[in-house]
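This briefing concerns a predicted model.

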Amino acid sequence: MAGIKTLGQFIIEKQLDFPYAKGELSRLLRDIGIASKIVNREVNKAGLVDILGDAGTTNIQGEGQKKLDVYANEQFIAALTSGGECCIVATEEEDDFVPIDSPVSKNAKYIVCIDPLDGSSNIDCNVAVGTIFSIYRRKSVEGMATLADVLQKGTEQVAAGYVIYGSSTMLVYTTGKGVNGFTLDPSIGEFCLSHPNMKIPADGIIYSINEGNYVHFPDGVKKYLKYAQVEDLETKRPYTSRYIGSMVADIHRNLIKGGIYIYPTTAASPNGKLRLLYECNPMAFIIEQAGGVASDGLNRILDIEPTELHQRTSIFIGSAKMVNMAEALMAEYSPVATIAKLNTNQKLEELGVIGGID
Ligand code: AHM
Ligand code: MG
């Protein structure tokens, strides 16, 4: 058989690259992979809830039906608890972080930040949803880990990944040595290496943003959208607009085809909508590892110092050239007082794309 490599085999192979590794991170990744297969099974059956019983009701076996995001949260926490390698889970589904208070786990080395089921409002209509996770080494040496262990900058991540439950299910992850993608083969129940060493194209023609909020966007974003919509054959404009409304799916497509995903600040979300610790940081780590850029419009996402568990940020992420262009326009038209203003005109000239902006 011409070389199928499963996620489990790949993780073990990579562990051998680190002669002193004890296998804890490998086991943690494996546990996340297993939980995501269980979540995948339930997501695939989501269309049957009307037959089997709606979320919040009782099904024909007399069991309570859970909302899928609650179910996914429980599955990941259960897998991380029984694995014993993780001392704290910070999840979108819980107000506080969840300490894993078992004799093995409380001295475990790793912290996991996770959005168990992102874009879950899309499940009702069969649109792709995802899981996003980020792994940190704890800072404190022993005993119960604390909030300070969780509030680490994105640059401290030791691994990050996402699972997309789409037309096929894929797990994509990085440990800081490139990005690899695995597709679930349902016939054998294994994630198989299908996208080795993923690279995002340096430039693209797709932009993804909820344009319905246009009136509330910062001027820099409005300028970028105008730029994207002007005709210019050389730079393949006007660009194509694609917005699924599931961050994982939008960013996954852009990773493969090239593109930019933007969720800026808006009147309704003055700090942005998406969460730094378990949505933006992991995606930023993956996209940077694939050769792209992730910014809050003015600064690198991974350099943001977190102060709160559920902190939000704006995000501009994707192909380097596209994000650099959007950043240049943000610096010119929506500079923030605390941020040193870039020499935008020089930056625009370097990018060689000044035309088309009014
Ligand atoms: P969620 O964590 O409540 O699911 O929200 C996150 C989702 C992202 O997946 C998606 O890109 C974005 O919210 C869509 O938001 P909007 O509907 O405002 O465009
Ligand atoms: Mg989310």
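Glutamate 92 is partly exposed in this predicted model, its relative accessible area being 29%. Aspartate 115, by contrast, is buried at 1% relative accessibility. An unreviewed UniProt entry annotates both residues, together with Leu117, as "binding site".

**Surroundings of the annotated residues**

- Glutamate 92 lies in the loop that joins strand E1 (86–91) to strand E2 (98–99).
- Beyond its neighbours within four places in sequence, glutamate 92 contacts Ile114, Asp115, Pro116, Asp118, Tyr278, Glu279 and His310.
- Aspartate 115 belongs to strand E3 (residues 110–118).
- With neighbours within four places in sequence again set aside, the contacts of aspartate 115 are Glu92, Gly130, Thr131, Ile132, Tyr278 and Glu279.

**Strand E13 and its partners**

- From strand E13 (residues 315–318), Ile315 and Ile317 point one way, while Phe316 and Gly318 point the other way; all are buried.
- Strand E11 (residues 260–263) pairs with E13 in the antiparallel sense over four bridges, and isoleucine 262 has phenylalanine 316 as its bridge partner in E13.
- Strand E12 (residues 293–295) also pairs with E13 in the antiparallel sense, over three bridges, with alanine 294 opposite isoleucine 317.

Notes: Residues are numbered from 1 along each chain as its sequence is written. Chains are lettered from A and ligands numbered from 1 in the order in which they are written. This is a predicted model: local features need pLDDT of at least 70, side-chain atom pairs count only at pLDDT 80 or more; totals for chains, interfaces and linings use all residues. Side-chain values use heavy atoms; hydrogens and water are left out. UniProt positions are given in the numbering used here, feature names are shortened, and annotations may be inferred rather than shown by experiment. Helices (H or I, at least four residues) and strands (E, at least two) are DSSP runs, numbered from the N terminus. Buried means under 20% relative accessible area, exposed over 50%, partly exposed in between (1.4 Å probe, protein chains only). Contact means heavy atoms within 4.5 Å. Two strands pair if DSSP finds at least two bridges between them.
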